[in-house]
Amino acid sequence: MNPYAILQQTQRERVSDSLKGSAARNRAFVPILSDCESAHRLLILIWSQLGDFDSLEYAWWLQREAAQLKSQGIAIRAVGIGDRNSGLKFCEYTGFPPEWLFVDPHAELHQQLELYPGLSLKLPGLSPGQNAWINLMLMCAGIGSPGTLGEVFRGYRGDRQAPQLIGDEEVVKAAPLPPLKGAFFNMAGGTGFQRPFELATLRLRNMTEVLSNWKTYVPNAAYMTQRGGTFLFDNQGNLLYEHRDRGILGFAENMSRPLAFLSMF
């Protein structure tokens, strides 16, 4: 079955409904393609755990390019692994609109779309969550997760093919580092591109946020290795583009400019 047909049949809990008393009690499920009929194009994001580096970083890029996405008439819907509390915390932190985000506690949609479940070694005597931790650590070391180590290093060494990520007057708080002004990174090589340590600092901020609220972001550790995918459709449901994540920090074909594929259509 093609991805659009699966998505068209899928209902999940919408995070914005959790803000309304009756919906929060009834836990109503709604079609994830609700209110997308007038869109010129439809961008569907199947995210990993909502406390995952990839999900948080993807949401950051969407916020950065929000005006452009709106001008192009692109409707966005995302489904992430977690529960409604995960979704509410995610939207509060990232600014991602809660009416665009749906939660899938058991990664069922990921399985239907045959997205990469990640490394799945099973050691006897361990719970699913404990096995997931071991597999996640191995993936962070690049095992069963191609490109992860290279992407980690890019965050430290900088990238002249990527835009500057932090404005000169912007202040970033990423404990245990002191608050850093964007201009600080100019000393590492200039302006107008991703400077050394710039992306690593943003990732440290995300890590601090998640570790400080771990149980909220990750209510079930069993799905920590599950990867996501990106699907772009036209207004007739024809698939224009897809990217299936192969590993941690691999949520885009071009990690220097994760949304560059939108300019192709």
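Which backbone oxygen does the side chain of Ser86 reach? The side chain of Ser86 reaches the backbone oxygen of Thr216, at 2.7 Å. The views below come from a predicted model, where local features need pLDDT of at least 70, side-chain atom pairs count only at pLDDT 80 or more, and totals for chains, interfaces and linings use all residues. Residues are numbered from 1 along each chain as its sequence is written, and side-chain values use heavy atoms, with hydrogens and water left out.

**View 1. The whole protein.**
The protein has 10 helices and nine strands. Helices (H or I, at least four residues) and strands (E, at least two) are DSSP runs, numbered from the N terminus. The radius of gyration is 18 Å, close to the 18 Å that the globule rule gives for 265 residues, so the protein is as compact as a globular protein of that length. That radius is taken over C-alpha atoms, and the globule rule is 2.2 Å times the number of residues to the power 0.38. Along the principal axes, the C-alpha atoms fill a box of roughly 55 × 50 × 35 Å. Buried residues make up 51% of the 265 residues. Buried means under 20% relative accessible area, exposed over 50%, and partly exposed in between (1.4 Å probe, protein chains only). Among contacts (heavy atoms within 4.5 Å) between residues at least 6 apart in sequence, 69% join residues at least 24 apart.

**View 2. The open sheet.**
Seven strands form an open sheet with mixed pairing, in the order S2-S1-S5-S4-S3-S8-S9. Its edge strands are S2 (29-31) and S9 (239-244), each pairing on one side only. The twist averages 30 degrees from one strand to the next. Axes are lines fitted to C-alpha atoms, for helices over the stretch in contact, and angles run from 0 to 180 degrees between N-to-C directions. Two strands pair if DSSP finds at least two bridges between them. Strands of a sheet pair through backbone hydrogen bonds, either parallel or antiparallel.

**View 3. Strand S3 and its neighbours.**
Nine of the nine residues of S3 are buried, so this strand is largely enclosed by the rest of the structure. S3 and S4 pair in the parallel sense over seven bridges. Here Leu45 stands opposite Ala78 in S4. With S8, S3 pairs in the antiparallel sense over six bridges. Ile46 has Gly229 as its bridge partner in S8. Further along the sheet, S4 and S5 (residues 101-103) pair in the parallel sense over three bridges. There, the bridge partner of Val79 in S5 is Phe102.

**View 4. Helix H3 against the sheet.**
H3 lies across S3, S4 and S8, and runs at about 150 degrees to S3. Its buried residues are Asp54, Ser55, Leu56, Glu57, Tyr58, Ala59, Trp61 and Leu62. These pack against several elements, including helix H4 (66-71), helix H5 (84-94) and helix H9 (198-212). Asp52 caps the N-terminal end of H3, with a side-chain oxygen 2.8 Å from the backbone nitrogen of Asp54. At 1.5 Å a residue, the 12 residues of H3 (residues 53-64) should span 16 Å; the end C-alpha atoms are 17 Å apart, which agrees. The expected span is 1.5 Å times one less than the number of residues.

**View 5. Ser86 in helix H5.**
H5 lies across strand S1 (11-14), S3 and S5, running at about 150 degrees to S5. Ser86 lies in this helix. Ser86 is buried, with a relative accessible area of 0%. Not counting residues up to four places away in sequence, Ser86 touches Leu50, Thr216, Tyr217 and Pro219.

**View 6. Backbone exceptions.**
Most residues other than glycine have a negative phi, and most peptide bonds are trans. The peptide bond from Ala175 to Pro176 is cis, with omega near 10 degrees. Pro176 sits in the loop between strand S6 (171-172) and strand S7 (180-181). Glu114 has a positive phi, near 60 degrees. This residue is found in the loop between helix H6 (108-112) and helix H7 (128-140). Is Glu114 buried or exposed? Glu114 is exposed, with a relative accessible area of 68%. Leu249 has a positive phi of about 60 degrees. Leu249 is placed in the segment after S9, and is buried, with a relative accessible area of 6%.

Conventions:
Polar contact = N/O pair within 3.5 Å; in protein donor to acceptor, adjacent residues only side chain to side chain.
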